[in-house]
Amino acid sequence: MIETFFPRDRVARALTLSTAAHSLSSGVFYTVSALYFTRVIGLEATTVGLGLGIAGGIGVGASYGGGWLSDRVGAHHVQSWAMTLNGMAMLAYTFAADALAFVLVACVAVGTRSAQGTAKQAIIARWYVGPERVALRARMRVVTNVCIGLGTVTAAAALVVDTSAAYRAAMLAAGILLLVAAVPVVRLPRAVPALAEAMLAQTPPVEPVETTLVRSPSPWRDRTYVASVVANAVVAMHFGLQTIGVPLWIATTEAPTAMVSVLLVLNTVVVASLQVRASRGTHDVRKAGVAVRRGSWLLAGACVAYALAGYGDVVTACGLLVVAALVHGLGEILGEAGGWGMAFELADPRRAGAYQGLTQTGYAVAAMVSPVLVTATAIEHGTVGWVVLGALFAAAGTAAAWVARHAATRGAHSREVSVAADNLTA
């Protein structure tokens, strides 16, 4: 656990400490932002939704743009500047006095947040290889979940006080934490001088086996990678299920609304306990695809359990919700681990930033679409909607496994041809 929160490796340590501060900020922001925007700034709920929707669109573009820029100026520079601007934008929320200012600040905040997220992925993709990349990503996911939880608990003080000053102080704290998160990554090139050179190198120090395939340098023309992004983005829509669908669904069952908090805590425990273990071996493309498939089928099973919770009394409903949340959590960690492995190992190392940018773009689109999809299926149509949603997860995960198996087979064939050609010319 010490290695997870304070790694010995300098690059991993900087990224982890930055992630911890960033996640604490996110926990505070998620807790108080809606009330701050409506009660302190005085915006209508529909205005907040529209503004965040516009900002989300900017975030989608920034996800790929951050990767494109990382290949040209260095991912370490992109992350440093984007993280700093993200903190400044968060602080600027406290000066927003009308809808226009709110939308402009939200666009900068969401855009820079997306860009720095992609840059972080590009740093991991270029600096680490094989199992190191997925393992670090898994440990950072644990840090993210735990620190968001801590930030949420801390921000509860503002909810208890319930004054404009308390909400404003919480928003200021969120902005300061983001600026603190920028410090480790700003100092990183000085602490590790070789990092800057590696960020602009044509290939990483050791090239993964799967990347020996001949590919176009553009991820948009790489059909295998695009298919992987699409399939994994659909599986990633389970985050919208967890944050939007489950709370709304619980309100329709006999279970008390307090179960929302219980399930969130349970999810945090599952991720913190098992995410690193679930990621082992997923640097192998074929195994990564299998992990996504297994995770997607678990998510489908969770959908069925959620649906059944709507038919029981309070005890039965609570029991089924807990079972669903456990299965959901297991599906989540497997799907995430497999998705990371495919995103890293199927990418062309010459354009690490652009490839990771496309992956992050897929996740950003999933985050935008998932609330609409979940409410239009499970919430609007009950059991039938839950079954449709589960089938969609299972189909996407199965498709991801097929893509991974196909890519691994092509990679093996390519290596055989290369060895044969070398023997002929020897």
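## Serine 26

Let's start with one residue of this predicted model. Leaving out residues up to four places away in sequence, serine 26 touches Arg113 and Ile148. With arginine 113 there is a side-chain to side-chain polar contact of 3.3 Å.

Serine 26 sits in helix H2, which covers residues 10-40. Is serine 26 buried or exposed? Its relative accessible area is 3%, under the 20% cut-off, so serine 26 counts as buried.

## Where H5 meets H6

Next comes a helix pair. H5 (residues 99-127) packs against H6 (residues 131-161) at an angle of about 145 degrees, and their axes are 9 Å apart. The crossing is right-handed.

On the H5 side the contact is made by Lys120, Gln121, Ile124 and Ala125, and on the H6 side by Arg133, Leu136, Arg137 and Met140. By type, these residues are four nonpolar, three charged and one polar.

In soluble globular proteins, nonpolar side chains tend to be buried together. Here the largest nonpolar core has 49 residues, and those with the most contacts inside it include Tyr225, Tyr306, Met342 and Trp386. Helices H9, H10, H11, H12, H13 and H14 each give two or more residues to this core. H14 (352-425) supplies the largest share, 14 residues.

Which residues does tyrosine 225 contact, leaving aside neighbours within four places in sequence? They are Met342, Ala343, Leu346, Ala347, Tyr355, Gln356, Leu358 and Thr359.

There is also a second, separate core of 28 residues, with Val32, Val105, Ala155 and Ala174 among them.

Conventions:
Residues numbered from 1 in each chain as written. Predicted model: local features only at pLDDT ≥ 70, side-chain atom pairs only at ≥ 80, totals over all residues. Heavy atoms only, no water. Axes fitted to C-alpha atoms, helices over the stretch in contact; angles between N-to-C directions. Helix = DSSP H or I, 4+ residues; strand = E, 2+ residues; numbered from the N terminus. Left-handed = near helix turned anticlockwise from the far one by under 90°. Contact = heavy atoms within 4.5 Å. Nonpolar A, V, L, I, M, F, W, Y, C, P; charged D, E, K, R; others polar. Buried < 20%, exposed > 50% of the residue type's maximum accessible area, 1.4 Å probe, protein only. Polar contact = N/O pair within 3.5 Å; in protein donor to acceptor, adjacent residues only side chain to side chain. Core = buried A, V, L, I, M, F, W, Y, C linked by side-chain atoms within 4.5 Å.
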